[in-house]
Amino acid sequence: MIVDVNAYLGHFAFRRLRHNTAESLLALMDSKRIDKAVVSSASAITYRNAQAGNEEVAEEVRGRSYRLIPFAVINPFYAGWQDDLKICHEQFGMVGLRLYPKWHNYQLSSLCCRQLIDAATERGMIISIPIRVEDNRQRSWLLNVPDVPLEEIVELVKARSKARFILLNGIGYTRCPLGRKDNGLPCNYAIGLSRLSAVLANELGQLITNLGAERVMFGTGMPFNYPDPALVKLEVLDTSEPEKEKIRSKNAMAWLRL
Amino acid sequence: MTIPRIISGPQAFQPCISRRTLLKSSAALAMGAAVLPPAHSMAVEQSVAGTSSDPIRNGKVIDCHAHLNHRSRATWEADDRKLIEAADKLRIDQLCCSILTPHRPATADGFRECNRWTADGMRRFRGRVLGYCYVNPGYGREALEEIRRCVEDRGFIGIKLYNEYTCTEPVVFPIVELAIELGVPILHHASHSHYFVEDQPRMSDAGHLAELARHYPEAMLICAHISGGGDWEWTVKAARHAPNVLLDTSGSVTDEGTVEMAVAVAGIDRVVFGCDSSMTAGVGKIRGANLSTQDKQKILGGNMVRLLGRRKS
């Protein structure tokens, strides 16, 4: 069983994505033996009204939610986010959020964002935060969106210990408290492996040593990314098969209550 | 090279990926892979990388863009070993390596020292490490002498140029002419961003390399790391009409479709596999590309073998 906590549907404003419909993503997943994937709207990253992207995803995954697990993209500074959250959770069956503080231009420490996180936590939803969407060096001439600084994540996980966070598309965790052993932080976050090294510096191995395999989850970033680099990491990772199984699926299934 | 095959089930999961997996994965997508077993129970081929005395043969996986570590780094020796261990795990047979000075522009003493260490790496990892001679073209005669020494006396396979000069500056031309004379490729650092990269004001991009290639159609120019952070779609398109510019797939970016677009635009014979230290990214994107096994073999090593076969000495 492989569960991917880092997948997307829809269009991205700055690059053509393939395999970005439910049907084509499932075909890609089949070819890679990925059983389930957490998906959110790629379009909602740049839509002003992110809820339109959530509606598109809800439509796409209808009848396929046994494999495609939808998360909502919510901008807590946009009108009606409370209504959107309720609809996404109660009508669309979205069991988590994806937050884009830099793309949507707000602070993780802002009152509105904390209110959103509290409301989602109250509903038992997971909050995932992509540290980046794409490499900043290939950005369009129209905008310059920085990565989410890991220091801001540190403050967030401390401030909201009851929330559950999945951090995606990040790197350099071992150079900050998030990836260090006995870091004094609540164990309320897990780290997706899509950009972590599994050889040479082997940050993936370091995180397993420091935090435990329970805190790492498999995720590819498809269809933005080829899924294969993440699969290769699991294959070359120097750890036991039971630990790999946790990373491959068990951790995500426990968090998602699958 | 002997490649014994070991069939392993889920209980005996092998930590290393297989060449077969590397080559087959995308074809599986095209064929609708339902009949294939789970990835972690696929047959695993174990190669004995590093046992060859023949550095350039067909059928190998050659990383066209790798680096050994500068010895100002305290852990350089262990880190060099890690590179080879990573290559072992990923079934990369050979790594085309250079060592760059930590600070640039490189001095003549600086690049000569780096090349001595690269030569030492070629001895320490015989058959696994192939050397690029790194020079700063601004040193004129000294740079040319160093290239000749490295290629003719030390067996280096090519030249590595970084960002000291944009490749279209005349100071670079004698280097290109010497590369043509020796029949060796130039791996040129390159990137294209839609903003000015302040710390690399003389960065080359694929457009510069295409322009250089038009002046020197006999040159073999490798445009480094198309997945190295710049706009790879721009890079691929800029290189389209330069048949003697090859595209190196290395870099940390794993954007889906990169390799396929490079092949579609530049042609299968002009795409070469590289990692530039992003090892699983490098291997994964080739494995994931929706290309035939034959095309992947060309990218993984066939094209580089062909290129290295044009050496004149």
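These questions and answers cover a predicted model with chains A and B. Local features need pLDDT of at least 70, side-chain atom pairs count only at pLDDT 80 or more, and totals for chains, interfaces and linings use all residues. Residues are numbered from 1 along each chain as its sequence is written, while chains are lettered from A and ligands numbered from 1 in the order in which they are written.

Q: What is the strand order of the open sheet of 8 strands in chain B?
A: Helices (H or I, at least four residues) and strands (E, at least two) are DSSP runs, numbered from the N terminus. Two strands pair if DSSP finds at least two bridges between them. In chain B the pairing is parallel, and the order is S3-S4-S5-S6-S7-S8-S9-S10.

Q: Which strands stand at the edges of this sheet?
A: An edge strand here has a single partner strand, so one side of it is left without a neighbour in the sheet. In chain B these are strand S3 (62–67) and strand S10 (271–272).

Q: How many residues of S5(B) are buried?
A: A residue is buried if 20 or more other C-beta atoms lie within 10 Å of its own, exposed if 12 or fewer, and partly exposed in between, with C-beta atoms placed from the backbone. Val129(B), Gly131(B) and Cys133(B) point one way from S5(B), and Leu130(B), Tyr132(B) and Tyr134(B) the other way. S5(B) is mostly covered, and the buried count is 6 of its 6 residues.

Q: Through which helix does the chain cross from S4(B) to S5(B)?
A: Strand S4 (residues 94–98) of chain B runs parallel to S5(B), joined by 3 bridges. Cys96(B) stands opposite Leu130(B). A crossover is right-handed if, with the strands pointing away from the viewer, the path from the first strand over the helix to the second runs clockwise. This β-α-β crossover is right-handed and uses helix H3 (residues 108–124) of chain B.

Q: Which residue in S6(B) is the bridge partner of Tyr132(B)?
A: Strand S5 (residues 129–134) of chain B is parallel to S6(B), with 3 bridges between them. Cys133(B) stands opposite Ile159(B). The partner of Tyr132(B) is Gly158(B).

Q: Which residue in S7(B) stands opposite Lys160(B)?
A: From strand S6 (residues 158–161) of chain B, Gly158(B) and Lys160(B) point one way and Ile159(B) and Leu161(B) the other, all of them buried. S6(B) pairs in the parallel sense with strand S7 (residues 186–188) of chain B over 3 bridges. Ile159(B) stands opposite Ile186(B). Lys160(B) stands opposite Leu187(B).

Q: Which element gives the largest share of the side of chain B that touches chain A?
A: Residues are in contact if their C-beta atoms, placed from the backbone, lie within 7 Å. The contact takes 37 residues from chain B and 29 residues from chain A. On the chain B side, helix H1 (19–31), helix H2 (76–89) and helix H9 (279–288) each give two or more residues. The largest share, 8 residues, comes from H9(B).

Q: Why do the buried residues of H4(A) line one face of the helix?
A: In helix H4 (residues 111–122) of chain A, the buried residues are Cys113(A), Leu116(A), Ile117(A) and Ala120(A). They pack against helix H3 (81–91), strand S5 (96–98) and strand S6 (126–130) of chain A. The arc is that of the directions from the helix axis to the C-beta atoms. The buried residues line one face because, seen down the axis of H4(A), they fall within an arc of 95°.

Q: Which exposed residues does the face of H4(A) turned away from its buried side carry?
A: Beyond the helix, H4(A) is followed by Gly124(A), whose phi is positive, near 80°. The face turned away from the buried side carries Leu111(A) and Glu122(A).

Q: Is Pro146(A) buried or exposed?
A: Pro146(A) lies in the loop between S6 and helix H5 (150–159) of chain A. Leaving aside its neighbours within four places in sequence, it is in contact with Lys102(A) and Asn136(A). With 10 other C-beta atoms within 10 Å, Pro146(A) is exposed.

Key. Two residues are in contact if their C-beta atoms, placed from the backbone, lie within 7 Å. The expected span of a helix is 1.5 Å times one less than its number of residues.
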